[in-house]
Amino acid sequence: MPSCSPDCCLLRPGEIIKIFSEDGMGKVVEIPADMTARDLCQFLVYKNHCVDDNSWALVEHHPALGLERCLEDHELVVQVQTSMISESKFLFRKNYAKYEFFKNPLNFFPEQMIAWCQETNGTIPPSQLLQNFLNSSSCPEIQGYLYVKEMGRKSWKKLYVFLRRSGLYFSTKGTSKEPRHLQLLADLEDSNVFTVITGRKLHSAPTDFEFCIKPNKVRNEVKELRMLCAEDEQSRTCWMTAFRLFKYGILLYQNYKIHQQRKTLLSHFSAPVRSVSESSLVAMDFSGRIGRVIDNPVEAQSAAMEEGHAWRKKSQQRMNILGSPSSLHPSSLSGVIHRTQLWFHGRISREESHKLIHQQGRVDGMFLLRDSQSNPKAFVLTLCHHQKIKHFQILLCEEDGQMFLSLDDGAVKFTDLIQLVEFYTLNRGVLPCKLKHPCTTVAL
């Protein structure tokens, strides 16, 4: 059993927790009873030499129920584990969208879904939107139609639903808010909101945008779950985000401020945090009779760029030796070095790429690259923009007897995928947004 070595984990004996990565591999760690999800993620980043970009999360996953949710940073991991059965598990995963609603609240809360108490007269300015959700004395509510699965049955009903601090209600008479017409669907205090990951077939859901409110006391009883369905992804995100805000309030904002402070601190580094062995490397110049250490950082950067250009030139020469361009597979163009990149996922399907991006947040600029299934001589860039996932085919093109890669019919050409990703990280080009967040998985 691995032992904890950073300061936060040189700890008194505690509980045994098993963490899984996306490939199904698990790691057992011993943590104290008061360890939060945030601290456990930091420990796993340290132990597994992950890039510390402040976007890792711990996910509560229930395969038997087909549910999962991202733990809030302040939640105690051991306490959450007590509500899980043996089949349930924790996953270590990226989540770029955990606090996105603090940055772009208007994208998360459509005007037609928000109602305010009479004192406001409907005059809440956009800048005050989140403040009123966080302020316990204000009384915003989310309203709209949802499909609600009848308890213990397979049928669904379309009801007008209201989410308030006191709970989730539906109206027995159209859109009426009169107390005599409202019935409680679910309580917030002793429940959590989950994404349904089994697809619409298991519960005969009317749409793909299913979510669930699960009481903490419920272990493995599907009939006690409150299954809900929205009309679209934005509506589902609105309901689930509002649930989190009503349940945790100012705690979420405090988590966000800590998140921002860490992000600012990490941005002071010119490169991602590396392991001790990598940090001990130095730049060397071997152009003379003997090697020398390059102390000047500008000269070191220039030398690195020259080395990169030389590598690409050699790669191109090797390609020319291999044979005619028409007989080349894209992998011949740049070897297989792109397959070592965190953003490259090989021969996964379109559906699998959608699943990965959905799991990690659906924020603008999230992307991955994969082999094309329809064209063996091409790659595909899968990109998220405005919560929609788009696919761009990267094709081989020839110019003056040389082969290049391009996703805009040769207007901009690249010698390899790494160069392509670097370019579109800095330039939007023909894409709807720049590449920003690589969709990655980690092996524990």
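Strands in these legends are DSSP runs of E of at least two residues, numbered from the N terminus. The model shown is predicted.

Figure 1. Strand β6 spans residues 114-115 and contains A115. A115 counts as buried because its relative accessibility is 10%, and the cut-off for buried is under 20%. Once neighbours within four places in sequence are set aside, the contacts of A115 are C139, P140, E141, Q143 and K177.

**Figure 2. The protein chain as a whole, for orientation.** The secondary structure of the protein chain comes to 12 helices and 20 strands. The chain has 444 residues, of which 48% count as buried. Among contacts with a separation of 6 or more, 57% join residues 24 or more positions apart.

**Figure 3. The largest nonpolar core and W239.** In soluble globular proteins, nonpolar side chains tend to be buried together. The largest nonpolar core in this model holds 37 residues, and the members that touch the most others are F109, F133, I142, V161, L163, L168 and W239. Helix α6, residues 233-248, gives this core its largest share, 8 residues. Residues up to four places away in sequence not being counted, W239 touches M113, I142, Q143, G144, L146, V161, F162, L163, L168 and F211.

Figure 4. How many cavities of 30 Å³ or more does a search of the whole structure find? The search finds 1. The space in the largest cavity is about 40 Å³. Its lining consists of L146, L163, L168, V193, F211, I213, L228, W239, M240 and F243. At least two lining residues come from each of β12 (209-215) and α6. The largest share, 3 residues, is that of α6.

**Figure 5. Strand β5 and the strands paired with it.** Of the 6 residues of strand β5 (residues 89-94), 5 are buried, and the strand is thus mostly covered. Strand β1 (residues 15-20) runs parallel to β5 and is joined to it by 2 bridges. In this pairing I19 stands opposite F90. Strand β3 (residues 56-62) runs antiparallel to β5, with 6 bridges between the two. Here L58 stands opposite F92.

**Figure 6. Helix α1 and the residue H49.** Which residues of helix α1 (residues 37-47) are buried? They are A37, R38, L40, C41, F43, L44 and V45. H49 follows α1 and has a positive phi, near 55°.

**Figure 7. The open sheet that contains β16.** This open sheet has 5 strands in the order β19-β18-β17-β16-β20, with mixed pairing. Strands β19 and β20 (437-438) are at the edges, and each pairs on one side only. Between β16 and β20 the pairing is parallel and has 2 bridges. F367 stands opposite P438 of β20. Helix α11 lies across β16, β17 (379-385) and β18 (388-399), and runs at about 155° to β16. Helix α12 lies across β16, β17, β18 and β19, and runs at about 160° to β16.

**Figure 8. Two loop residues with positive phi.** Most residues other than glycine have a negative phi. R362 is not a glycine, yet its phi is positive, about 50°. The loop that holds R362 lies between α11 (350-359) and β16 (366-371). D409, likewise not a glycine, has a positive phi of about 60°. The loop that holds D409 lies between β19 (402-406) and α12 (417-426). Is D409 buried or exposed? D409 counts as exposed because its relative accessibility is 78%, and the cut-off for exposed is over 50%.

Conventions. Residues are numbered from 1 along each chain as its sequence is written. This is a predicted model: local features need pLDDT of at least 70, side-chain atom pairs count only at pLDDT 80 or more; totals for chains, interfaces and linings use all residues. Side-chain values use heavy atoms; hydrogens and water are left out. Helices (H or I, at least four residues) and strands (E, at least two) are DSSP runs, numbered from the N terminus. Buried means under 20% relative accessible area, exposed over 50%, partly exposed in between (1.4 Å probe, protein chains only). A nonpolar core is a set of buried Ala, Val, Leu, Ile, Met, Phe, Trp, Tyr and Cys residues joined through side-chain atoms within 4.5 Å. Contact means heavy atoms within 4.5 Å. Two strands pair if DSSP finds at least two bridges between them. Axes are lines fitted to C-alpha atoms, for helices over the stretch in contact, and angles run from 0 to 180 degrees between N-to-C directions. On a 1 Å grid over the protein atoms alone, a cavity is a set of points where a 1.4 Å probe fits but cannot get out, and a pocket is an open set with protein on both sides within 12 Å along at least five of seven lines; lining residues have an atom within 4 Å of a point. Grid points are joined across faces, edges and corners, and a volume is the space filled by probe spheres set on the points.
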